Amino acid sequence: MMLQLRQREAKPSRLFLDKIEDELEMTTVCHRPEGLEQLEAQTNFTKRELQVLYRGFKNECPSGVVNEETFKQIYAQFFPHGDASMYAHYLFNAFDTAQNGSVKFEDFVMALSILLRGTVHEKLRWTFNLYDINKDGYINKEEMMDIVKAIYDMMGKYTYPVLKEDAPRQHVEVFFQKMDKNKDGVVTLDEFIESCQEDDNIMRSLQLFENVM
């Protein structure tokens, strides 16, 4: 979100995704999830890649599912200088498509398929769902503020230039005004996608896929 870590700080979540991509190149696998063919048809991964992902998922979550607390603990490792708990909460809810408090391998791999190999349109739809906290099909200013504030908290003090305390609110005011094209107080999916695609500043600001997931 228009934040740059100091040069000595890596992009932690990009490293997380890079690690996954590197593991997809491995040739030896130990586990084969059920429904592999169905997942292959539903995602942009090959059978072998799905096997590698499944092995990694089972190593982290032997029960085959991950709850929110475990997800937060894993995600916090990539942002040691900030508080990632709230953003991890929102991210977990986006992964938890069934809204039952747990993320299965199928949920995990479907999201990764979009974030790693989806089209721009697919990534924007996924991001819209992340910002739509109450899942009513719209983004209001409070929801956008909650997500942006969580991202700023997660990045911590290791940003350049150093951010002012009211930076999240200023950020939201500017972009919400651009996105809410009919000025009805909410942003629809169509407005969100159109605004992102026609404004390079918004696209750069929404570097969710590179910086925070």
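Start your tour at the second largest cavity, which has a volume of about 30 Å³. A cavity here is a set of points on a 1 Å grid over the protein atoms alone where a 1.4 Å probe fits but cannot get out, and its volume is the space filled by probe spheres set on the points. You're looking at a predicted model, where local features need pLDDT of at least 70, side-chain atom pairs count only at pLDDT 80 or more, and totals for chains, interfaces and linings use all residues. Residues are numbered from 1 along each chain as its sequence is written, and side-chain values use heavy atoms, with hydrogens and water left out.

Now select Y90, N93, L130, I133 and K135, which line this cavity (lining residues have an atom within 4 Å of a point).

Next, the rings. There are twelve aromatic pairs in the structure; Phe, Tyr and Trp rings (for Trp, the six-membered one) pair if their centres lie within 6.5 Å, with planes under 30 degrees apart called stacked, over 60 edge-to-face and the rest tilted. Pick Y54 and F105: they sit edge-to-face, 5.1 Å centre to centre, with 85 degrees between the planes. Y54 is in helix α3 (residues 47–60) and F105 in helix α6 (residues 105–117), so this pair ties together parts 51 residues apart in sequence. Helices are DSSP runs (H or I, at least four residues), numbered from the N terminus. F105 is buried at 2% relative accessible area, where buried means under 20% (1.4 Å probe, protein chains only).

Then move to Y75 and Y87, a tilted pair at 6.2 Å centre to centre and 35 degrees between the planes. Y87 is buried too, at 0%.

Terms used: On a 1 Å grid over the protein atoms alone, a cavity is a set of points where a 1.4 Å probe fits but cannot get out, and a pocket is an open set with protein on both sides within 12 Å along at least five of seven lines; lining residues have an atom within 4 Å of a point. Helices (H or I, at least four residues) and strands (E, at least two) are DSSP runs, numbered from the N terminus. Buried means under 20% relative accessible area, exposed over 50%, partly exposed in between (1.4 Å probe, protein chains only).
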